[in-house]
Amino acid sequence: MHAEALTAAPRLAAALCSGLLLTTLPALATASCRQLLDDGLQPLPGCHLLAGQPVLDAQARSQLRHDADGLAVILAEGDFYYVHRNGRLLQVATLDNGPDDFQLGLVRGIVAGRYGYYDHDLVQRIAPQFDGALPFAPDSGSAGVCQGCRAVPASADGQHSLLGGRHWRIDLHGQPLP
């Protein structure tokens, strides 16, 4: 490993652990990063992977097209990420071949392989503590979560399932529902 990579990795890990902030680091490894735009996925030069996480240099950050909520979408090594104008970066669940949509103001984020829920500023609202999670349902205001479960591919009718483990529903504050 390059000496540059050895000194940059702890800075990236610290930045990721302290609020999932983007950081400007030297390009250490080329990644297959693309930005999701209205006309599909487009290459995003200046986006690289470090320790499995995308890192955007100044060139990449300047090319991002943010929506009205301040969010841009990138695809890096098969995973979708929201990138906020404020510098936060969050891996999100994939839903119907795209990034998870916000439901009731929250989106499913994935941190260290665990699911939690985040607001439009990509601020954690429900800690990443679940092995599986479904989006919040607008009609009930609740979401299905599980421990010890695994996701199965969508069925022919597009339904996503979580099999095995213990399942329950939570409210918008992460509290279990009866």
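**Figure 1. Glu-77, a partly exposed loop residue with a positive phi.** In this predicted model, Glu-77 is partly exposed, and its relative accessible area comes out at 48%. The residue belongs to the loop that runs between β5 (71–76) and β6 (79–84).

**Figure 2. Leu-122, a buried loop residue with a positive phi.** Here's another non-glycine residue with a positive phi, this one about 65°. Leu-122 lies in the loop between β11 (114–118) and β12 (124–130). Is this side of the story buried or exposed? Leu-122 has a relative accessibility of 2%, so it counts as buried.

**Figure 3. The open sheet β13-β14-β17.** Three strands make up this sheet, in the order β13-β14-β17, and they pair in antiparallel fashion. Which strands stand at the edges? They are β13 (132–133) and β17 (166–170); each has a single partner strand, so one side of each has no neighbour in the sheet. Strand β14 (residues 143–147) is joined to β17 by five bridges, with the two running antiparallel. To find your way along this pairing, look for Cys-146, which sits opposite His-167 of β17.

**Figure 4. Ser-142 and its surroundings.** Ser-142 is part of the loop between β13 and β14. With a relative accessibility of 3%, this serine counts as buried. What does its side chain reach? There's a polar contact, at 2.8 Å, between the side chains of Ser-142 and Arg-169. Once neighbours within four places in sequence are set aside, Ser-142 is in contact with Pro-135, Phe-136, Ala-137, Arg-169, Ile-170 and Leu-177.

**Figure 5. The aromatic pair Tyr-82 and Phe-102.** The model has three aromatic pairs, and this view picks out one of them: Tyr-82 with Phe-102, a tilted pair. The ring centres are 5.5 Å apart, with 35° between the planes. Tyr-82 sits in strand β6, while Phe-102 is in the loop between β9 (98–99) and β10 (107–111); the pair links distant parts of the chain, 20 residues apart. Tyr-82 is buried at 7% relative accessibility, and Phe-102 is buried too, with a relative accessible area of 18%.

**Figure 6. Phe-130 and Trp-168, with Arg-166 over the tryptophan.** This aromatic pair is edge-to-face: Phe-130 and Trp-168 are 5.9 Å apart centre to centre, with 65° between their planes. Again, distant parts of the chain are linked, since Phe-130 is in strand β12 and Trp-168 in strand β17, 38 residues apart. Both residues are buried.

**Figure 7. Zooming out to the whole protein.** For context, the protein has two helices and 17 strands. How much of it is buried? Of its 178 residues, 43% are buried. Among contacts with a separation of 6 or more, 35% are between residues 24 or more positions apart. The protein exposes about 9400 Å², and carbon and sulfur atoms account for 52% of that area.

Definitions and conventions: Residues are numbered from 1 along each chain as its sequence is written. This is a predicted model: local features need pLDDT of at least 70, side-chain atom pairs count only at pLDDT 80 or more; totals for chains, interfaces and linings use all residues. Side-chain values use heavy atoms; hydrogens and water are left out. Helices (H or I, at least four residues) and strands (E, at least two) are DSSP runs, numbered from the N terminus. Buried means under 20% relative accessible area, exposed over 50%, partly exposed in between (1.4 Å probe, protein chains only). Contact means heavy atoms within 4.5 Å. Accessible areas come from the Shrake-Rupley method with a 1.4 Å probe; for residues, only the protein chains shown count as cover. Two strands pair if DSSP finds at least two bridges between them. A polar contact is a pair of N or O atoms within 3.5 Å; within protein, one must be able to donate a hydrogen and the other to accept it, and residues adjacent in sequence count only if both atoms are side-chain atoms. Rings of Phe, Tyr and Trp (its six-membered ring) pair if their centres lie within 6.5 Å; planes under 30 degrees apart count as stacked, over 60 as edge-to-face and the rest as tilted. A charge sits over a ring if NZ of Lys or CZ of Arg is within 6 Å of the ring centre and within 35 degrees of the ring normal.
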